[in-house]
Amino acid sequence: MRDLRPRDIRLYPSLLSFLTILAIVMTITLWLTYPHADALNVYLTVIWSSYFPLVAIGLAGAIANGKVMASRYTGRTGKKVIFLLPTVARADVLGALDRVIDSVLQNAPRNLTNWRIEVLVSEGSYGIRHLLERYESHPNFRLAVCPMSYGTPKQTPHKARAQHWVTQEHIAAGEGGPDTWIYHLDDDTGVGPDTIASIAEVIEQGRYLLAQGVLTYPHQLSRNFFCRLADSVRPADDLTRFAFFNGLVHSPLVGVHGEHLLVRADVESRIGWDFGPTVTVEDAYFGLTFAKLYRGRSTFLPSCSYGASPATVRDLIRQRRRWCGGLISLMFDRSLSGPGRAVLTYSILNWASAAFQHIGIVLLVAWATGAFNTSPVWSWVALIWGVNMTYQFWLYIEGLKLNLRVSRLEHRFPRYCALVVAGIWCFSAIEATAGLLGFWDFVRRDHSFVVIAKPT
């Protein structure tokens, strides 16, 4: 990952960019607004305004993030750090998995003196022999094999089952206390020098128990051009919404990602990963549980991880579909009562209802019913719509900037920016479709855990 990382990475979105887009969008919005009060106008006044609180949260997160740069911390920590890497170890993920392992082995010694990478697989996995042949001789590598016979007390399946098993293994080995930290990776998400520096920096600060950074998607790692552009939204979400909850509120009230996540081992030992048979988004469940038990103890991890976008549009939809379906299930989990559940419910309802507020569907309904005026009931509501629309354009543009920055492809920004702006209606349609399918999975009580192929 060294050659993918520029010398300096700016981890804050441009507010000047937001204001510039806002001026353009507002001019067009106000010009096209003619207040009306038919049924469609009432519906749109409500549904197209409902996103505004999330916009306010995102903007507050961006402002609170200040002028943060990716960590260039030069110190070292003697605390033990375990890089935990769960994987299905299928043939179609081994190339990406090797890349991730190699990135840790290459970069970890920069700031860490006591560390290992622990690849977590289930017994009988296809890639076990490959991993042993390639890495067994490395002193900082360990292959952790979860027995097929192992079952958690709550009968948790899939990835979380293996993670709960290895957490118990850490406790038994004396690695479940405050002197050990667990850094979670995905099997297509590598690290760079900034990642390791930030891990050591947060540990040595000694103020927080959990830290979450920015997920980026270098274009060299993603072979599908459409998916590369569609994933522009993800790093920007980390720099805004997630930055608000981790960097300002210091509580992950929208959950956490299961990767680029640093947790002190005694906290992970207490929470565990045994969340029951219906939980398919164990990372979000873990984050909400942490927010309930350790309010004010999370922070922003000033660095990037380097992952790959899905290889196909179909995989992109399958990925988002699982996330949405799993998060909807958490909305109805009574054990997650409190502000975290309320924030999650609001966020997910916006996602799940996206199909019913997409501009394409609205225009189709307007054409079918002859209601050609899609303005709000009151003209001032158009100001809210303009801010909401600006925010969506801004997320994709700023996320694209960061992905190109870590790819060292900044010179392509003007051309790609035009494509992102033109394609945002298509990207939002993909997200809306996935949200609708995720809701359908929830209704059918389908708790399957889909693992997509990982590009090499």
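Me: Which residues does W323 touch, not counting residues up to four places away in sequence?
Reply: The model discussed here is predicted. W323 is placed in helix α12, which covers residues 313–331. Leaving out residues up to four places away in sequence, the residues that W323 touches are R234, V281 and W351.

Me: Does W323 count as buried or partly exposed?
Reply: Buried would require a relative accessible area under 20%, and exposed one over 50%. The relative accessibility of W323 is 22%, so W323 counts as partly exposed.

Me: What separates the C-alpha atoms of W323 and L15?
Reply: W323 belongs to α12. Along the chain, W323 and L15 are 308 residues apart, and the separation of their C-alpha atoms is 29 Å.

Me: How are α12 and α16 oriented to each other?
Reply: Helix α16 comprises residues 413–443, and its axis lies 7 Å from that of α12, at a packing angle of about 50 degrees. Angles of 65 to 115 degrees count as roughly perpendicular and those under 35 as roughly parallel. The angle therefore makes the orientation of α12 to α16 oblique.

Me: How are α3 and α9 oriented to each other?
Reply: Helix α3 (residues 52–64) packs on helix α9 (residues 233–248) with the axes 7 Å apart and at an angle of about 65 degrees. The two helices, α3 and α9, are therefore roughly perpendicular.

Me: Which class of residue has 10 members in the contact of α3 with α9?
Reply: The crossing of α3 and α9 is left-handed. Its contact draws on L54, I57, G58, A60, G61, A62 and A64 from α3, and on L239, T240, R241, A243, F244, F245 and L248 from α9. By class, the contact of α3 with α9 has one charged residue and three polar ones, and the class with 10 is nonpolar.

Me: Which residues of α3 are buried, and which residue just after α3 takes a positive phi?
Reply: The buried residues in α3 are L54, V55, I57, G58, L59, G61 and A62. Just after α3, a positive phi of about 60 degrees is taken by G66.

Me: How are α1 and α15 oriented to each other?
Reply: Helix α1 (residues 15–32) and helix α15 (residues 381–407) have axes that come within 8 Å and cross at roughly 140 degrees. An angle must be over 145 degrees to count as roughly antiparallel. The relation of α1 to α15 is therefore oblique.

Me: How many nonpolar residues does the contact of α1 with α15 have?
Reply: The crossing of α1 past α15 is right-handed. Its contact includes F18, I21 and L22 of α1 and Y391, F393 and W394 of α15. By class, the contact of α1 with α15 has two charged and four polar residues, and its nonpolar residues number 15.

Me: Which residues does G399 touch, not counting residues up to four places away in sequence?
Reply: G399 is found in α15. Its relative accessibility is 0%, so G399 counts as buried. Setting aside residues up to four places away in sequence, the contacts of G399 are S232, P235 and A236.

Me: What is the relative accessible area of H170?
Reply: H170 lies in helix α6, residues 158–172. Not counting residues up to four places away in sequence, H170 touches I82, R116, E118, E175, G176 and I182. H170 is buried, and its relative accessible area is 4%.

Me: How many of the 13 residues of α7 are buried, and which strands and helix do they pack against?
Reply: The α7 helix is mostly covered, and its buried residues number 10 of 13. Among them are P193, D194, T195 and I196. The buried residues of α7 pack against the helix α4 and the strands β1, β4, β5, β6 and β7.

Methods. Residues numbered from 1 in each chain as written. Predicted model: local features only at pLDDT ≥ 70, side-chain atom pairs only at ≥ 80, totals over all residues. Heavy atoms only, no water. Axes fitted to C-alpha atoms, helices over the stretch in contact; angles between N-to-C directions. Helix = DSSP H or I, 4+ residues; strand = E, 2+ residues; numbered from the N terminus. Left-handed = near helix turned anticlockwise from the far one by under 90°. Contact = heavy atoms within 4.5 Å. Nonpolar A, V, L, I, M, F, W, Y, C, P; charged D, E, K, R; others polar. Buried < 20%, exposed > 50% of the residue type's maximum accessible area, 1.4 Å probe, protein only.
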